[in-house]
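Morning, everyone. Please take a look at the model on the screen. I'll go through the sheet, its helices and the ligand shell.

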Amino acid sequence: MKIVEIENLVKRYGDLVALDHLNLSIEEGEVFGLLGPNGSGKTTAINCMLSLLKYDKGEIRLFGEKMEPDRYDLKRQIGIVLQNVAVFEELTVYENIDYFCGLYVKEKKKRQELVEEAIRFVGLEDYRKMRPKKLSGGLLRRLNIACGIAHKPRLIIMDEPTVAVDPQSRNKILEGIKELNRQGSTIIYTSHYMEEVEQICSRISIMDHGRSIAQGTKEELKELIRTGETITIEDVILTAEQIREMEIQPYVHEVDYKEQTLTVRCRKGSQNLVKVLSLLEEEKVGFGRVYSELPTLNDVFLEITGKQLRD
Ligand SMILES: Nc1ncnc2c1ncn2[C@@H]1O[C@H](COP(=O)(O)OP(=O)(O)OP(=O)(O)O)[C@@H](O)[C@H]1O
């Protein structure tokens, strides 16, 4: 069943088109990644999806029904973890989670179980009685997540939950998301970290300038592009002719040479590394460290948009 369907969504802020005919379709059970650089429209898309923002054109259906501001029946099935931490300073970790869970689950015994489970999920067992002020940034983010997901919603929306989070908290958060998904929640996850999206998402939409420029599994996305592998060779001194020679090889898609480092984006095929090194040997050029990388989602973004995903 389709949990989210967005058709031709347009959202303008004055003259700025933040969403430009965005289309998305998300199936139940997916961990769906919205990947895009800052300002590409991820947060705006989520706020429209939740009816927190009015939009100019298009249609949004959640759980097969048209989403509107007063559809509390639909909203109750959604857990939200937004970028800004929103918890009560005067309540402890436990009380905060209990409060948010209590908005959905009235029965005390059941709620107690859910709150305990959420605490375990995010690894805040040792901090139950602490107030938010005492928590580090990473722990605070984990609390924010626990508050959003304790009631086990059918759909969980997380907007960049790991920005400015330490690696330990980040791993805990990513593991928690996978576990929530295993337990049955569909997840929408926005990020500008391609590694995270590759790690946890079953399907990904790459966003740029308010549009989804490509959608699919990470394997499908990588199939879309011509780059098969990227070979980097350090400490190599090349003449303009030698670079040109590299560029015209049939297996080469693109060459970049900066600060004595040669980067060769090869087309899909075998033996690329051998071919590149043989060419250097023929030219009697010495070189330092050599490494080869398979395409990343950054390569996909780069090839489609001509710019880096990273800021
Ligand atoms: N309230 C607003 N008023 C005017 N412009 C806005 C507003 N909110 C967002 N924008 C603009 O809309 C575009 C999309 O922003 P949005 O926050 O949705 O992107 P994002 O992909 O979520 O980026 P980030 O990761 O920085 O949150 C940006 O150009 C942004 O400057």
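A definition to begin with: two residues are in contact if their C-beta atoms, placed from the backbone, lie within 7 Å. Axes are lines fitted to C-alpha atoms, for helices over the stretch in contact, and angles run from 0 to 180 degrees between N-to-C directions. Helices (H or I, at least four residues) and strands (E, at least two) are DSSP runs, numbered from the N terminus.

This is a predicted model: local features need pLDDT of at least 70, side-chain atom pairs count only at pLDDT 80 or more, and totals for chains, interfaces and linings use all residues. Residue numbers start from 1 along each chain as its sequence is written.

Now the helices. H5, residues 137-149, lies across E6 and strand E7 (155-159). It runs at about 165 degrees to E6. H6, residues 167-182, packs on the sheet too, touching E3 (31-35), E7 and E8 (186-191). Its direction makes about 155 degrees with that of E8.

What is the strand order in the sheet? E6-E7-E8-E3-E9-E10, an open sheet of 6 strands with mixed pairing. Strands pair if DSSP finds at least two bridges between them. The edge strands are E6 (78-81) and E10 (211-216). E9 (203-208) pairs with E10 in the antiparallel sense, over 5 bridges. There, serine 205 stands opposite glutamine 215.

Last, the ligand. Its shell has 13 residues; Tyr13, Asn38, Lys42, Thr43 and Thr44 come nearest. A residue counts as near if its C-beta atom, placed from the backbone, lies within 6 Å. H1 gives the largest share, 3 residues.
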